[in-house]
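Subject: Structure to look through

Hi,

Here is the structure I promised to pass on. Have it open while you read, and my notes on what turned up follow below.

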Amino acid sequence: MKESLFHYLEKSHQPSLRFTDAESASGKSWEEMIIPLPVAPESPKNLIFLYLDNSRTSVQFFLSALKTPHCLCLLNAGLASTLKTNLEEIYKPEYILDKAREQEPGKMLLSESGLSFWETGNKSSPLHPSLKILLTTSGTTGSQKLVKLSDANFIANTRSILDFLPVAHTDSCILNLPIHYSYGLSVLLTNIAKGGNIVCTNETVLMRSFWDLFRARACNSLNGVPYTYEMILRAGFEKMEGLNMKYLTQAGGKLGEKALQAMTSWSLRNKTPFYVMYGQTEATARMSFLPPELLAEKPGSIGKPISGGAFEIEEDSRELVYTGPNVGAGYSESREDLREFLPQSRLHTGDQARRDEENYFYITGRLKRFIKLFGNRINLDDLEQELRGKFECMVGCSGYEDKHLLVFSDQSTLLGKEVQDYIFGKFQVHPSVVKYLHLDSIPLTASHKINYRLINETYGR
């Protein structure tokens, strides 16, 4: 019988493992975190919807559900009620964990710290035995498209990550990335496996209280997507005192050149490793990393594949293709899709890449992040990075049906005419098709990435 993710974590963790509640500062052991859930026996396998935040109670319910033989779908607790209802109609879960609702979805089985566990009464089609976790892709919120993953995918990826990240049982890790997001979930799993202190909180890096908590709980690592580092650098991270950092990690997209330079300088100055990594939810979490000692030598590189993984670049499209045991079984868009689990040997990432003479890889763009205006094929990722460097502020780029270019920023001093003139000088694109927006705040997905879809839907036409 194949090993389950729960069993792997249970046998791997050290006695030092603690789950600390941010507010009360109280800690719980692994044994105290696992509570019995009143679910059906193993056959047939059921579907459990878990609407999670980063509270200790959410983590507790996740781990307790992980012990069951059933399949877990991890979702954002902050989803709009209409999106929740839509997903539940499509996937018909047998059980739901969520905060109290005006209309209960079924029979209440358990309630703890504002979270309630219900049996829905759904009698749906059976699930494939290998299916263990469903995750949304990083760019979606209430989309019905979910990634299908197995216990084996998570075990393989966790082991590979621990081959290079210096996670230890003496660490104190703060959960600043959502655990329903593949990167945040990976942070949780790797730290459980090593047995350190895990600080559970819904505070964000933009709050002063987060950094007060970071110091008070003796946290010594930080994990973030590009937006995380762009924002904390703007907030004065380089001058912060009293941070006992052991290492930092970054994934979830390409970090802007200026922010990367700043983090590289900070890393060298403070002799603290900064790990730039590359991953996708379709491969559980992470696929490559750049050794911190090469940050200055190979700026912008995603490094080499993790142990057990391999990259190749397709000759015609320049698309990066990954193979490894952490690659899942593709997508589902309905309950019926959960009856199959066909592991994919190759993951087409959708990213274009190049390889240098020492076999280090660099992402050069997205196959779909292009717009064509007056015959000019514009790489939106490249333009976005260029505008951020030129105007030294947060700038985003999107496009609508090759009709116009949409540039947006939360910097009030940046003028639309400056942007239009710069783009005209570079691409000879007439200002009439360059739309500039000043936003009070840039909308983000649940995984802290720019929500291009919402921006296009709201402002694109």
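An axis is a line fitted to C-alpha atoms, for helices over the stretch in contact, and angles run from 0 to 180 degrees between N-to-C directions. Contact means heavy atoms within 4.5 Å.

Bear in mind that this is a predicted model, where local features need pLDDT of at least 70, side-chain atom pairs count only at pLDDT 80 or more, and totals for chains, interfaces and linings use all residues. Residues are numbered from 1 along each chain as its sequence is written, and side-chain values use heavy atoms, with hydrogens and water left out.

Start with the open sheet of eight strands, which has mixed pairing and the order 6-7-5-3-4-8-9-19. (Two strands pair if DSSP finds at least two bridges between them.) Strand 6 (107-112) and strand 19 (331-332) are at the edges with a single partner strand each, so one side of each has no neighbour in the sheet. Further in, strand 8 (residues 133-136) and strand 9 (residues 146-149) run antiparallel and are joined by four bridges. One to look for is Ile133, whose bridge partner in strand 9 is Leu149.

Now find helix 3, which lies across strand 3 (47-52), strand 4 (71-76), strand 5 (95-99), strand 6, strand 7 (115-119) and strand 8. Helix 3 runs at about 165° to strand 3.

**Strand 21 and its partners**

Strand 21 (residues 361-366) pairs in the antiparallel sense with strand 16 (residues 301-305) over two bridges. Strand 20 (residues 347-355) pairs with strand 21 in the antiparallel sense too, over five bridges. Zoom in on Tyr362 of strand 21: Ser301 stands opposite Tyr362, and Tyr362 is also the bridge partner of Arg354. The hairpin of strand 20 and strand 21 has five residues between the strands, and Asn359 there takes a positive phi near 65°.

**Helices that cross**

How do helix 3 and helix 6 meet? The axes of helix 3 (residues 56-67) and helix 6 come within 13 Å and cross at roughly 75°. The two helices are therefore roughly perpendicular to each other (65 to 115 degrees counts as that; under 35 is roughly parallel, over 145 roughly antiparallel and the rest oblique). On the helix 3 side, Val59, Phe62 and Leu63 meet Leu185, Leu188, Leu189 and Ile192 of helix 6. By class, that contact has seven nonpolar, no polar and no charged residues. For these classes, Ala, Val, Leu, Ile, Met, Phe, Trp, Tyr, Cys and Pro count as nonpolar, Asp, Glu, Lys and Arg as charged, and the others, Gly among them, as polar.

Helix 8 (residues 226-234) and helix 9 (residues 257-270) have axes that come within 10 Å and cross at roughly 70°, and are therefore roughly perpendicular to each other. Tyr229, Glu230 and Leu233 of helix 8 make the contact with Ala259, Ala262 and Met263 of helix 9. Those residues divide into five nonpolar, no polar and one charged.

On a 1 Å grid over the protein atoms alone, a cavity is a set of points where a 1.4 Å probe fits but cannot get out, while a pocket is an open set with protein on both sides within 12 Å along at least five of seven lines; lining residues have an atom within 4 Å of a point. Grid points are joined across faces, edges and corners, and a volume is the space filled by probe spheres set on the points.

The whole structure has three cavities of 30 Å³ or more. The second largest cavity holds about 50 Å³, and its lining has four nonpolar, five polar and no charged residues. Helix 6 gives the most to that lining, with four residues.

The second largest pocket holds about 600 Å³. Of its 25 lining residues, Lys2, Lys45, Pro129, Ser130 and Asp151 are the closest to the centre. Helix 5 gives the most to this lining, with three residues.

Enjoy exploring!
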